[in-house]
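Take a look at it first, and then we can go through it piece by piece.

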Amino acid sequence: MTGSLAAIGAGLAVIGAAIGIGQIGGKAMEAIARQPEAVGDIRSNMILMAALVEGAALIAILLSFFVG
Amino acid sequence: MRKLGFIFLFISIACFVTAQQQGSKRTNQQSTHQNHQGHNHAQGDHSGHNHAKGDHSGHNHAQGDHSGHNHAQGDHSGHNHAHGAHDDHGGHMNACGHVVHDHSEFNPGAVAFHHISDQNVYSIGPWQLPLPCFLYTHKDSEGGSKFDVFSSGNFKADYHGNGSVAYNGYVLYEGSARRIRGNFNRDGAVPLKSGSHSVYAVEEMQDNGKKKDQLYLCEGGKIFLVDSKSTLDGGLFGGGITSFTDFSMTKNVVSMIIVCLFLFWLFRKVARAYKNRQGLAPTGIQGFIETIFVFIQDEVAKPFLGKRWQEFIPILMALFFFILGLNLFGQIPFFGGSNVTGSLSVTAVLAIVAFLVTTKNGNKDYWKHIFNMPGLPAWVKIIVTPVEMMGAFIVKPLTLMLRLFGNMTAGHMVIVIFVGLIFIFGKNGMNPAAGWGMVIPSALLTLFMMAIELLVAFIQAFVFTILTASYIGAATEEHHH
C-alpha cells in the first residue's frame, strides 16, 4: 500500500466538508424554491455558511499535510 | 485616519511576529536520496542521531570507503557518513559524498512549499530583489549573541533562491536565510566552492521520532549543520527554537507595506472625492468603494453590533480591506506570488487583534456568561465554565487564524501544483511532447483555480470580518434577560 496515513486523514476530512456543504446547498435550493424573491438573502447566507464549513475542513487537511 | 492607524498597527506587530513564522517545512519532500528512507552509516559514529536503518534497494555503501574525505570531528558531534558507490539520482555528487539535487528531476512538493513560504529575497520573474536581513543569533551559540544587518544581495542567490556566497556565517537556501553551525568563517563574504549547490537537505529522523529535513553544508570537504530560523510553533511545521531568529524584512513584510500604502492612497482618494463632490452621485472608484463599504456596514456592522456600530466601523473596515488587499495581492501573477495571508504569523496577528478588541470591549454580562453562566445549577457550571473559557480565549482566535491561513495556503498550493503539472508530465525535459501537450489543460485549470481564488479572497475577508463583528457584538451586548 502506497501513500501515507496523513493522506487518508485528509480524504476523510474532505468527506465531512462535502457532506456539510452539500446539505447547505440543498437546503438553500429548497428555500429559494419556496420563496424566490428571497434569493439574495439566501445566497449570501449560503456562501457564508459554506465558508465556515470549508474552513474547518481545510484546517484538517492542512494539519494532516504538514504534521503527517 | 483611525482605520489607517489600525492598519499600521497590524504591520508593526506583524513585522515582529514574522520572525516567528513557520520555518523550514519539508524543503525537499523526497530526500535527495530518492530510493531509501534512511542512511547506512558506519556504525558507532553517531552521538544522538537517529537514522532509520532501512533497506536500500540497489545501493552499495562500502564501509569505510572514503575517498579523501575530511570530517572535522568537532564540527557536528561525530557525524560520519561512510559512503561508497552511489547510484545517480538525477543530481551530481558533491565533495562530501552526497548526491545533490540539481533540478534535473522535478519535485512538486518542494516547489510548492518554496512558493508559498516567506523568503528573504523578492523574486519578480527572473529578477531577485534583495531585501534587508536582520538576523539575531542567540546567546548560547558559537560566537555568542550577535545581531547582523545586511542586504540579502550578499548571498548572490540564483533564481532558485540558493545563494552561492555565505555571509557572516549565514547562507541562503530556497529563499530563506539559514545559519551555519560549527566552526565556520563568520567574517564577511565567503564564496562557497560548490556555488549554489553547497547546501543540501537530508530527510532524517529527529529525536522526537518525526522525520524532518536536516540541512547540511558541504564546504572544503567538511560537513556543517545548517539551521533554519526559529519558529514559535513548537516544531509543528518542522520548526522550533534554533540558534537564530530572523527579524528580516522579508517578502511578506514588503508586500504588507505595499498593500498598506496602496490602501492609504485609495481611501484618501475616495475621501477627497466625498469632500469635493458633496451632494453629487458617486463616480468612479468612489462608487466602487462605496458599494463595498456600505455592504459591510449594512450587512455586518449594523446587524451584529446594534447601537454601537459606529464605534467599531474603523476596526472592521481595516480588517476587511487589509485582508482583502493581502489576499488579492498574492493572486497577482508574475509578481512574486507573495502569499502573505498564507503565513501563520500574519493571520495570528490579525486574530490576536480581533481578540484584543473583543476582550477590551467586553462588558460585565459578557464575562459573567463566560465564567459564571447565569441560570445553571452549580455542578453544570463546573463543566460549562472551562468550555466557555476555552471557547473565548483559545478556540475563537485559533479558528479565525487557521481558517484564513488554510484557505489561502491551499489555494496557492493548488495553483502551483497545477502549473507544475506541465513539468511532471514532461518529466522535467525528458518528455517534451507530453510537456507541451499539457500546457493548454494546465493553463485552463490554473485559470479556473485563480478565478476561484479571487472569490475565496473576498469570501475569506468577509468571513473574518463578520465573525469578528459577531464576537464584538456578543461582547458588547446589553443585558436583555
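## A hairpin in chain B

Strand E8 (residues 170–173) and strand E9 (residues 176–180) of chain B pair in the antiparallel sense over 4 bridges; strands here are DSSP runs of E with at least two residues, helices are runs of H or I with at least four, and both are numbered from the N terminus. Two strands pair if DSSP finds at least two bridges between them. Across the pairing, Tyr173(B) stands opposite Ser176(B) in E9(B). The hairpin has 2 residues between its strands, and Glu174(B) takes a positive phi near 50 degrees.

In a regular strand the side chains alternate between the two faces of the sheet. In E8(B), Tyr170(B) and Leu172(B) point one way while Val171(B) and Tyr173(B) point the other way, and all are buried. Buried means that 20 or more other C-beta atoms lie within 10 Å of a residue's own, exposed means 12 or fewer, and partly exposed is in between, with C-beta atoms placed from the backbone.

## About the model

This is a predicted model, in which local features need pLDDT of at least 70 and side-chain atom pairs count only at pLDDT 80 or more, while totals for chains, interfaces and linings use all residues. Residues are numbered from 1 along each chain as its sequence is written, and chains are lettered from A and ligands numbered from 1 in the order in which they are written.

## Chain B overall

Chain B has 9 helices and 14 strands. Of its 481 residues, 40% count as buried. Two residues are in contact if their C-beta atoms, placed from the backbone, lie within 7 Å. Among contacts in chain B between residues at least 6 apart in sequence, 66% join residues at least 24 apart.

## An open sheet

Three strands of chain B form an open sheet in the order E6-E5-E14, with antiparallel pairing. Strand E6 (146–151) and strand E14 (244–246) are at the edges with a single partner strand each, so one side of each is left without a neighbour in the sheet.

Strand E5 (residues 132–137) and E14(B) are joined by 3 bridges in the antiparallel sense. Within that pairing, Asp246(B) in E14(B) is the bridge partner of Leu135(B).

## Helix H4

Helix H4 (residues 284–305) of chain B has 22 residues and reaches 30 Å from its first C-alpha to its last, close to the 32 Å expected at 1.5 Å a residue; that expected span is 1.5 Å times one less than the number of residues. H4(B) has a kink of about 30 degrees centred on Gln297(B), where the bend is the angle between axes fitted to the seven residues ending at a residue and the seven starting there. Just after H4(B), Gly306(B) takes a positive phi of about 60 degrees.

Which residues of H4(B) are buried? They are Ile296(B), Val300(B), Ala301(B), Phe304(B) and Leu305(B). Their cover includes helix H5 (309–329) and helix H9 (432–476) of chain B.

Leu400(B) is found in helix H8 (residues 378–425) of chain B, and counts as buried because it has 24 C-beta neighbours inside 10 Å. Leaving aside neighbours within four places in sequence, Leu400(B) is in contact with Ala351(B), Ala354(B), Phe464(B) and Leu467(B). Leu400(B) and Ala354(B) are 46 residues apart along the chain, with their C-alpha atoms separated by 9.0 Å.

Ile440(B) has its place in helix H9 of chain B. Ile440(B) is exposed, with 10 other C-beta atoms within 10 Å. From Ile440(B) to Leu398(B), C-alpha to C-alpha, the separation is 40 Å in space and 42 residues in sequence.
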